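Reader: I'd like to go through this model with you, helices and aromatic rings in particular. Could you take my questions as they come?

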Amino acid sequence: MTQPTPGPVEDREIPEYAPIALLPLLALLLLGLLWGYNWVVMKAVLVDVSPAWFAALRTVLPALLLIAILPVAGMRLRPPPLFYALPIGLFQTAGFVGFMMWALETGAAGETAVIVFMMPLWLTLMAHFALKERVTRIQLLAISLALPGLVLLISPWEESLALGAVLLAFASGFGWALGAIWQKRYYHRYQPDLLSLTAWQMLYGGLLLMAIALWVEPFAVDPTPSFFWALFYNVVLAGALGWLLWVYSLHHLPTWIAGFGALLVPGIGVLSAWLVLGETPGPIKQLGIALILSALLIITLYQRRQRRNARRRARHKRDEVNHG
């Protein structure tokens, strides 16, 4: 899994009330399953390889695979402008994936997934300052639900708290949000194709992770079947196939439905970690997870209403011009 909005792509021209086809919905569900279960896969593989090296491999290899797919999909190999794509790669791939893998080294997979996926809440606050987008009462309600949920999830009063993993998970979500801010701020200037942008920014960020891995430690991998399975899963299934499913869903579904699909990822991550890794959150942590997921649901519903209102205003303006 790289990033399921992967930074959210704003202002896609998808009709709000377009017919909802079954195939794109199934693609979105499969995507949620692939990216959600990947938290278990990434956590388990760290017994065979260091976080730095797996972060590098799981970004560079799928990026190269996606770049090879571009001509097959009828797109040019020419990369998007470096000014636009490089910061996204640094924040949204190197920062997001790098900090996430280091967080998984000592942190629980399910809890890490939930903390990282609080990104839309941080994005709301960042957009207030960076993009001059006013924080509304509904958004404040979501944040006021999420913050106590975060405290309950972390449970700082517990002696077993892995504070370093919590901070790294926060850093991963912040990096993701910063990349999304940059992507949104300059999207209308460049308007790149999503698949091409994804491939090249992943390559830029992955090369930085590769350089960090080379600097931190020599390449060392225990070539077990579980390592090769995790690499295949991240490069082919969660990597290249996952991004193709995401692009397909975005181009055939209203954006707010794709937002609901993104909510599947942390939920499936928690469920998978419980079933496969035996990570059983207690009642307090379960309440914290429920509050955070409720906050993310509120944000998603609010974004749906905002897009619908914006399109309604645009239609009225066009009607006024046509009849003026």
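Reader: How many residues does helix α8 have, and how far does it reach?

Author: Helix α8, residues 194–216, has 23 residues and reaches 32 Å from its first C-alpha to its last, close to the 33 Å expected at 1.5 Å a residue, where the expected span is 1.5 Å times one less than the number of residues. Helices here are DSSP runs (H or I, at least four residues), numbered from the N terminus. This is a predicted model, in which local features need pLDDT of at least 70 and side-chain atom pairs count only at pLDDT 80 or more, while totals for chains, interfaces and linings use all residues. Residues are numbered from 1 along each chain as its sequence is written, and side-chain values use heavy atoms, with hydrogens and water left out.

Reader: Which residue caps the N-terminal end of α8?

Author: D193 does, with a side-chain oxygen 3.0 Å from the backbone nitrogen of L195.

Reader: Switching to rings, how many aromatic pairs are there?

Author: The count comes to 18 aromatic pairs, taking rings of Phe, Tyr and Trp (its six-membered ring) with centres within 6.5 Å, and calling planes under 30 degrees apart stacked, over 60 edge-to-face and the rest tilted. Y37 and Y233 form a tilted pair, 6.1 Å centre to centre with 55° between the planes.

Reader: Where do Y37 and Y233 lie?

Author: Y37 lies in helix α1 (residues 22–45) and Y233 in helix α9 (residues 225–252), so the pair ties together parts 196 residues apart in sequence.

Reader: Is Y233 buried or exposed?

Author: Y233 is buried, at 5% relative accessible area, whereas Y37 is partly exposed at 30%; buried means under 20%, exposed over 50% and partly exposed in between, with a 1.4 Å probe and protein chains only.

Conventions. Helices (H or I, at least four residues) and strands (E, at least two) are DSSP runs, numbered from the N terminus. A polar contact is a pair of N or O atoms within 3.5 Å; within protein, one must be able to donate a hydrogen and the other to accept it, and residues adjacent in sequence count only if both atoms are side-chain atoms.
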